[in-house]
Amino acid sequence: MTTTDILIIGGGIIGLSIAKELIERQPDLKILILEKEPALAMHGSGRNSGIVHAGFYYTPDSLKARLTRDGNRLLTEYCIENGLAIDRCGKVVVAKNEKELDLLSELKRRGDSNGVELEVIDEDRLYELEPVAKTFQKALYSPSTSTVDPVEVVNHIARALETKKAGIMLNEEFTGFAGTSAINTKKNKISYKHLINTAGLYADKIAHKAGSVLDYSIIPFKGLYMEYTDPSFLNRLIYPVPDTKHPF
């Protein structure tokens, strides 16, 4: 049987970031990360747009708004300090009609309240920033929105964890609990003092096996992307005005 202080199920960005923070605070901790796939970040962490949002969509006093704002700053610093790819391209949010101008104003208000740099721009300024973009009278410019390679970020954190002797076990799929302080995988039995469930879209299934949050289930959604081959076509991200009740 393998034993550890902290067992983390799920080798994505959340699980690895938690492990990084824990081992930096307490270097003597024995930490083990389980990943059912043959490589890290093969699910949500590696199959997303890589956009580092600025933090102006959400209600300013919400935890999500503050985490997005602070996460933008911290991840940008991390990429720069470690030489990881980051495109600090910025983003423009464009309106289709007069009704959406009120929503642009609301986004600006939220950003201002959350301490996010934003600029309301006119059509001429938008053309200077992004010639192919169109808007109705006004648009919103977010200079701190950027993009990263999420797989590169995850693998960089993983390499740092391995130098600090945090274990990462690939091809280890959780199959069930073995009492109150141990789990079974398809290959091993692992005992722990503390368990952290960061299994992404499978986190609810693991929680249900532990008898927790039985009334809740994850409802996933899928994003579709179009790829263009001319690298000079766009300079920045272009977004429509969102539904502020359901930003995604």
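Visitor: Is V213 buried, partly exposed or exposed, and what is its relative accessible area?

Guide: This is a predicted model, and in it V213 belongs to the loop between α6 (203-209) and β13 (237-240). Its phi is positive, about 40 degrees, although V213 is not a glycine. Buried would require under 20% relative accessible area and exposed over 50%. V213 falls in between and is therefore partly exposed, with a relative accessible area of 46%.

Visitor: K165 has a positive phi as well; what is the relative accessible area of K165?

Guide: Most residues other than glycine have a negative phi. K165, whose phi is near 70 degrees, is a residue other than glycine with a positive value, and its place is in the loop between α5 and β9 (167-169). Since exposed means over 50%, K165 counts as exposed, its relative accessible area being 74%.

Visitor: At roughly what angle do the axes of helix α1 and helix α5 cross?

Guide: Helix α1 covers residues 13-25 and helix α5 covers residues 150-163, and their axes come within 10 Å. The crossing of the two is left-handed, and the angle is roughly 35 degrees.

Visitor: How many residues of the contact between α1 and α5 are nonpolar?

Guide: On the α1 side the contact is made by I13, L16, S17, A19, K20 and I23, while α5 brings V153, V154, I157, A158 and L161. Of these residues one is polar and one is charged, and the number that are nonpolar is nine.

Visitor: Which element gives the most residues to the largest nonpolar core?

Guide: That core has 22 residues, and L16, I31, I33 and L161 are those with the most contacts inside it. L16 itself touches I33, V154, I157 and L161, among others, when residues up to four places away in sequence are not counted. Two or more residues come from each of β1 (2-9), α1, β2 (31-34), α2 (63-82) and α5, and the element that gives the most, with five residues, is α5.

Visitor: In β12, which residue is the bridge partner of I6?

Guide: Strand β12 (residues 189-197) runs parallel to β1, and seven bridges join the two. With strand β11 (residues 182-185), β12 runs antiparallel through three bridges, and there I183 stands opposite I190. For I6, the bridge partner in β12 is H194.

Note on methods: Residues are numbered from 1 along each chain as its sequence is written. This is a predicted model: local features need pLDDT of at least 70, side-chain atom pairs count only at pLDDT 80 or more; totals for chains, interfaces and linings use all residues. Side-chain values use heavy atoms; hydrogens and water are left out. Axes are lines fitted to C-alpha atoms, for helices over the stretch in contact, and angles run from 0 to 180 degrees between N-to-C directions. Helices (H or I, at least four residues) and strands (E, at least two) are DSSP runs, numbered from the N terminus. A crossing is left-handed if the near helix is turned anticlockwise from the far one by less than a right angle, and right-handed if clockwise. Contact means heavy atoms within 4.5 Å. Ala, Val, Leu, Ile, Met, Phe, Trp, Tyr, Cys and Pro count as nonpolar, Asp, Glu, Lys and Arg as charged, and the others, Gly among them, as polar. A nonpolar core is a set of buried Ala, Val, Leu, Ile, Met, Phe, Trp, Tyr and Cys residues joined through side-chain atoms within 4.5 Å. Buried means under 20% relative accessible area, exposed over 50%, partly exposed in between (1.4 Å probe, protein chains only). Two strands pair if DSSP finds at least two bridges between them.
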